[in-house]
Amino acid sequence: MTFTPHGKHLIAGEWVGTERTFTSSPAHGDAHDFSVGTTELVDHAVQAAEEAFWSFGYSARADRAAFLNTIADEIEARADAITAIGTSETGLPEGRLQGERGRTVGQLRLFAQHILDGAYLDRRHDAALPDRQPLPRPDIKMVQRPIGPVAVFGASNFPLAFSTLGGDTASALAAGCPVVVKGHAAHPGTGEIMAEAIHAAIQKCGLHAGVFSLIQGDGHDFAQALVQHPLINAVGFTGSLRGGRALFDLCAQRPEPIPFFGELGSVNPMFFMPNALENRGADIAAGWAASLTMGAGQFCTNPGIAVVIDGPQADAFVSAASDALEPIGAQTMLTDGIADAYRAGRDKIAGAKGVQEVLTSMCDSRNATPYLFATTGQEWLNNHALGEEVFGPLGMVVKVADMDEMRTIAKRLEGQLTCTLHMEDSDLDDAASLLPILERKAGRVLANGFPTGVEVCDTMVHGGPYPASTNFGATSVGTMAIRRFLRPVSYQNIPDAILPLDLG
Ligand code: NAP
């Protein structure tokens with residue numbers, strides 16, 4: 001099956017073109033023209049989403065589960081075409097697109113199962129106590145209800161699993177919320193074919209066409225109109241700190257502020273306990289090189305910083321990491337803009353006081369090679385910029401004087417998606433002294449592994465204190481992601497006959 005994009009938006013079941021277009025910028029293959037969204041289209045899509053909510057938001061969970069499974073089937077039916085357009089637009093290898101498709105389909109089916117199970121509704125009942133003194137107690141029931149239409153911003157770095165039909169969209173639809181997606185301009189054709197899949201599923205399941213719309217384009221005016229639309233109730237976003245913060249502030253400034261669930265940035269530091277560094281430093285360095293350069297380092301869980309205690313073992317670790325990184329060579333970045341940002345971030349670090357360049361080669365146009373830098377704990381503590389995310393295959397080793405300085409560094413960290421401990425059983429005391437600090441900094445703390453590769457499951461937290469996310473109580477991966485699009489409602493003395501289906 002081949003796929004040639006027509007370049008239109010999907011607005012409440014209709015493919016709509018607009019006068020202004022932009023041309024895609026694929027890593028390889030043909031470029032195509034795509035319509036650019038307008039504020040009028042945003043209004044049309046959101047009004048339709050609100051109309052759809054009156055049926056979709058009150059639908060049976062079994063029907064929504066069938067819908068999610070049908071979307072998954074429609075994605076699988078377009079498997080080869082999705083891989084072809086996805087690799088062309090992003091430059092990511094075929095195997096990555098195939099794996100990501102599996103994850104995307106898997107998370108749709110997982111949410112189908114999750115809503116059928118029903119535990120997420122957290123149903124509670126305080127039965128009436130008519131004879132209670134001095135006052136009787138009313139009958140009160142509680143259930144989680146969907147919040148209404150939701151806006152989703154597709155991420156550039158996961159064209160399937162975090163984009164048009166990614167985890168934000170899957171969890172919102174599972175909750176019963178219609179979705180309006182602002183597609184990412186880095187992979188508009190991939191967005192379009194995923195929208196085709198959901199369009200087909202909406203028709204097969206006989207749902208209101210306003211349940212899903214996709215608006216494409218590279219402008220900010222219509223994207224800002226989307227988060228400011230009075231009928232939008234929440235926003236899911238993965239991207240840069242700058243873009244996310246701008247949209248987050250717009251959500252807070254609305255006459256009726258709404259939650260903005262932004263996943264923005266993280267350096268995912270790794271802390272090496274002394275015995276792990278001594279016994280396995282070289283092995284861990286090789287594993288780090290692989291994790292750091294996976295997908296050209298364009299992962300939100302890319303472990304950018306390694307903190308080790310200075311000494312001969314630290315030096316051996318740095319040279320093992322450099323040896324493992326050097327042969328990896330140049331990889332294609334997702335967009336020209338991301339490559340530019342990588343070069344700027346690398347130059348800022350290279351120019352910082354007290355930073356040693358261990359491995360430097362090149363980064364031209366959209367290709368980037370890995371870079372490795374080293375610095376001391378003191379220099380790192382003196383320069384906030386050394387703790388900021390550089391999106392791409394860039395690693396920094398921070399050599400600290402002792403465990404005390406390592407704990408000081410941990411305390412100084414900004415919020416993170418993940419923190420990693422590398423440790424042996426004989427390191428338990430040192431690890432125990434760090435864990436209470438790390439759990440205050442990150443959504444996920446792990447031992448003896450690498451944070452890239454986020455399991456989609458019931459226990460996953462992919463979030464964390466700002467700037468890792470704008471809402472530390474939330475996760476954008478795993479079944480708990482549905483909580484972002486629900487709101488608890490108490491029903492006091494409401495007759496059973498008119499209670500929501502989920503309380504019946
Ligand atoms: P981005 O620039 O934040 O853009 C994400 C989405 O938000 C795009 O659709 C973008 O539209 C839109 N947007 C950004 N600023 C906006 C504003 N002020 N008003 C309205 N819409 C706005 O992220 P990106 O394009 O994916 O990548 C750029 C950088 O983000 C990377 O270099 C990297 O540093 C970071 N990033 C981080 C992660 C992570 O997981 N931590 C993931 C991806 C990217 P336009 O395309 O029209 O600007």
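The legends below describe close-up views of the ligand site and of an aromatic cluster in a predicted model. Local features need pLDDT of at least 70 and side-chain atom pairs pLDDT 80 or more, whereas totals for chains, interfaces and linings use all residues. Residues are numbered from 1 along each chain as its sequence is written, and side-chain values use heavy atoms, without hydrogens or water.

**View 1. The ligand lies between two domains.** Domain 1 (9-129 + 136-264 + 469-498) and domain 2 (270-447) both give residues to the shell around the ligand, so the ligand lies between them; the bounds come from an automatic or database domain assignment. Of the 25 residues around the ligand, S156, K182, H220, S240 and C300 come nearest, where being near requires a heavy atom within 4 Å.

View 2. Ligand oxygen atoms are found 2.6 Å from a side-chain N or O atom of S156 and 2.8 Å from one of K182, while a ligand nitrogen atom is 3.4 Å from one of E389; a polar contact is a pair of N or O atoms within 3.5 Å.

**View 3. The aromatic pair of F153 and F237.** These two rings are tilted, with 5.7 Å centre to centre and 55 degrees between the planes; rings pair if their centres lie within 6.5 Å, with planes under 30 degrees apart counted as stacked, over 60 as edge-to-face and the rest as tilted. F153 is buried at 6% relative accessibility, as is F237 at 8%, buried meaning under 20% relative accessible area with a 1.4 Å probe, protein chains only. F153, F237, F248 and F260 form one aromatic cluster.

Note on methods. Polar contact = N/O pair within 3.5 Å; in protein donor to acceptor, adjacent residues only side chain to side chain. Phe/Tyr/Trp six-rings, centres within 6.5 Å; stacked < 30°, edge-to-face > 60°. Buried < 20%, exposed > 50% of the residue type's maximum accessible area, 1.4 Å probe, protein only.
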